[in-house]
Structure formats: C-alpha cells, structure tokens
Amino acid sequence: MAHCVAPDAEAVLDREFPVLDKGFVRLVDYLGSDERVVQSARVSYGAGTKTYREDAGLIDYLLRNRHTSPFEQVVLTFHVKLPVFVARQWIRHRTARLNEISGRYSVMNDDFYIPAPEDVALQSTDNKQGRSPDVMEAGAAEKVREAFAEGQKKAYAGYVSQINGGLARELARINLPLSIYTEWYWQIDLHNLFHFLELRLDAHAQKEIRLYAEVLFDIAGKVAPRCCASFKEHVLDGVKFSGAEFVELQKRLGTEGGRARPCAPGGGDIPPLNSKRFEEKLKTGRQT
Ligand SMILES: Cc1cc2nc3c(=O)[nH]c(=O)nc-3n(C[C@H](O)[C@H](O)[C@H](O)COP(=O)(O)OP(=O)(O)OC[C@H]3O[C@@H](n4cnc5c(N)ncnc54)[C@H](O)[C@@H]3O)c2cc1C
C-alpha cells in the first residue's frame, strides 16, 4: 500500500517530449498508478490488490460503468510549452490546476510557432471549424510560413523596443500574436485527463492540440498502463449509438425485441434515423 512506483514513468520523469516546432511536454511528477485505482476501489470491501488479471478486470469494470472516482486518485503534473492559441483551447478544461509563466513579471521569449509545410492548408469547405485535408502547394505554403515569420519578427521587435523604452511589460506584450509560446505547470487527475483526451484526441480537435494530447496519453500510459488500455478500448475506440441507430442495428442483426424504441419524455418527437451519419459511423467508427 506504500507510495506507488511505476517504473516506466520513473524512466521518463523530467524528460522533455518535443511537440510542434518548439514546444514540449515533460512529466514533472505523478501520484498513484494502476494499483492505487484498484486499492481505492476495493477500500469498501477491505481487500487490497489481487492478481493482475483480477485488477485488470476491475479497472475495466470501473471504466465501463463510469465509476470514475477511483481514477481521480491518480494525479499527474506536467510542464508544458505551447503556443498561446493552443493554450486558449486547453484552458477551457476547468478541472485541472495550473500555473503559467507571467508576461507581467518576465520578458516573453522570442519563441513563435510556425506550422510545418505539410500542416499549411486552406479552409475546409465542409467543416467550418477546420482546415482542408489537402496539403497546400509547396511554394504557396512556404509563402504563408514566411509571412508568419515576418509578422512575428516585427511584433517581437516592437515588443522589445517598447520594453527598452520603459513601457510596463504587462502593456508591451499586448501586441504579441497568438503564435507566441507560453509555459505552464498543469496538474490533473486521471479521470479528468481522460475527459480532456477524449475531446482533444478526437479528429474534430485542432491538429496542434491533438499532438499535445497524443504525448500526454503516451506519458499517462507509463503511469497507469492498465487504466489507459481500458480507456482506449472502452472510450477512444468505442462507438456510441443513438436510440434510433440502435434500433436500426438490431433490425439488421435480427435481434429486435430486446429493447423497445425509446420514447421521449412527455411523448415528444424523437429524431428519426439519420441514415447518412449512421452508415458513416458503421463504416469508419467516427462519431459525427
Ligand atoms: C472540437 C472542439 C471544438 C470546440 N469549439 C468551441 C468553440 O467554438 N467555442 C467555445 O467557446 N468552446 C469550444 N470548445 C470548448 C468546449 O465547449 C468545452 O468548453 C471544452 O471542451 C471543455 O469541456 P468540458 O467543459 O467538458 O471540460 P472541463 O472544464 O474539464 O470539465 C469536465 C467536466 O466537469 C464538469 N464541469 C466542470 N466545470 C463545471 C461547471 N462550472 N459547471 C458544471 N459542470 C462543470 C462538466 O461535466 C464537464 O464536462 C470546443 C471543444 C472542442 C473539443
């Protein structure tokens, strides 16, 4: 029952995992591991860790049944360097604790994000929130990158000149672009990290934050490998069906009768099956 030591996590403590062109994620510390989840889940029965197979089964059970509090017993602290536009999406996750570098106290570093050529793309025509999957022609992409670099250089020169002129740092920084890098310590428990990852590993999330989420997930897998495997199986790789979709699925499998078509409370209309979305889900497993 002593302090949990996860050997794979120990091996990566303090190591910077690069993300984007200048960012990184570093595991600063962790508390608990798979064992802590099972210990805390079994506290009600007074029994500690059993065999690996039984523990794995219990973790699967907890995850499938959304018995989430034992996962909150595992806590991870990360040091992250990330562009401000990624930080703005990240900060929407309120169930973490963080401390960020202060642009009022320190001079911001001359570190800006420029997307790699293969990440420069036009606006998507069918997704208002995203970019086209097609890569831009190399020359055009290079021009975009050069324009970003030029704007960043100009903005940073203006910033330094204002600071040298004696302007307060808290004011000098306000013309810096969203591409500037910031840094923070971010501490979150495993349950809430899973929620973050479910949203930010999804194909709908912007690629830049997705890349951070992938590294966070890899690191979490070193701290609590069995929990992460279960989360992948039941949440990331799982597919949810609406009431109408489930009825259609039963019809196709010839298993009708097990569950009646659900009724909306008060007898309101239930949305009909959206066949296009359903077929797409069956084909790709993507939740749309
Ligand atoms: C692909 C994508 C696109 C997005 N686009 C936009 C956008 O255009 N504009 C925009 O503003 N945001 C956008 N968001 C942010 C999104 O709306 C959520 O704010 C963000 O994902 C955080 O989710 P959350 O609130 O579930 O997470 P957390 O803040 O981590 O909260 C986790 C859970 O805790 C509970 N919780 C936390 N705080 C409270 C509270 N105060 N009251 C009640 N319950 C609480 C909720 O159950 C919540 O689901 C987008 C997110 C994604 C993934």
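**Group meeting: strands, a helix pair and a ligand shell**

Strands β2 and β3 pair in the antiparallel sense, over seven bridges. In this predicted model, β3 covers residues 75–83.

Strand β1 is residues 16–19, and β2 is residues 23–31. These two also pair in the antiparallel sense, over four bridges. Find P18. Its bridge partner in β2 is F24. How many residues sit between the strands in the hairpin of β1 and β2? Three. In that hairpin, L20 takes a positive phi near 55°.

A general point on strands. In a regular strand, side chains alternate between the two faces of the sheet.

Next, helix α2. That is residues 34–41. Which residues of α2 are buried? D34, R36, V37, V38 and A41. What covers them? The cover includes α3, residues 52–64, and α9, residues 225–236.

Stay with α2 and α3. Two packed helices are described by the angle between their axes and the distance between the axes. Here the angle is about 75°, and the axes are 10 Å apart. Angles of 65 to 115 degrees count as roughly perpendicular, so α2 is roughly perpendicular to α3.

Who makes the contact? From α2, we have D34, V37, V38 and A41. From α3, we have D55, L58, I59 and L62. By class, that contact has six nonpolar residues, two charged and no polar.

Look at the spacing of those numbers. An α-helix has 3.6 residues a turn, so residues three or four places apart point the same way.

On to the ligand. Around the ligand are R92, H93, R94 and T95, together with N192, H195, L199, H204 and A205. What is the make-up of this shell by class? Five polar residues, two nonpolar and two charged.

Last, the whole chain. The protein chain has eleven helices and five strands. Along its principal axes, the C-alpha trace spans about 75 × 55 × 40 Å. The chain has 288 residues, and buried residues make up 22% of them. Now take contacts between residues at least 6 apart in sequence. Of these, 71% join residues at least 24 apart.

To recap. β2 pairs with β1 and with β3. α2 packs on α3 at about 75°. The ligand has five polar residues in its shell. Thanks, everyone.

Conventions. Residues are numbered from 1 along each chain as its sequence is written. This is a predicted model: local features need pLDDT of at least 70, side-chain atom pairs count only at pLDDT 80 or more; totals for chains, interfaces and linings use all residues. A residue is buried if 20 or more other C-beta atoms lie within 10 Å of its own, exposed if 12 or fewer, and partly exposed in between; C-beta atoms are placed from the backbone. Two residues are in contact if their C-beta atoms, placed from the backbone, lie within 7 Å. Axes are lines fitted to C-alpha atoms, for helices over the stretch in contact, and angles run from 0 to 180 degrees between N-to-C directions. Angles under 35 degrees count as roughly parallel, over 145 as roughly antiparallel, 65 to 115 as roughly perpendicular and the rest as oblique. Ala, Val, Leu, Ile, Met, Phe, Trp, Tyr, Cys and Pro count as nonpolar, Asp, Glu, Lys and Arg as charged, and the others, Gly among them, as polar. A residue is near a molecule or strand if its C-beta atom, placed from the backbone, lies within 6 Å of it. Two strands pair if DSSP finds at least two bridges between them.
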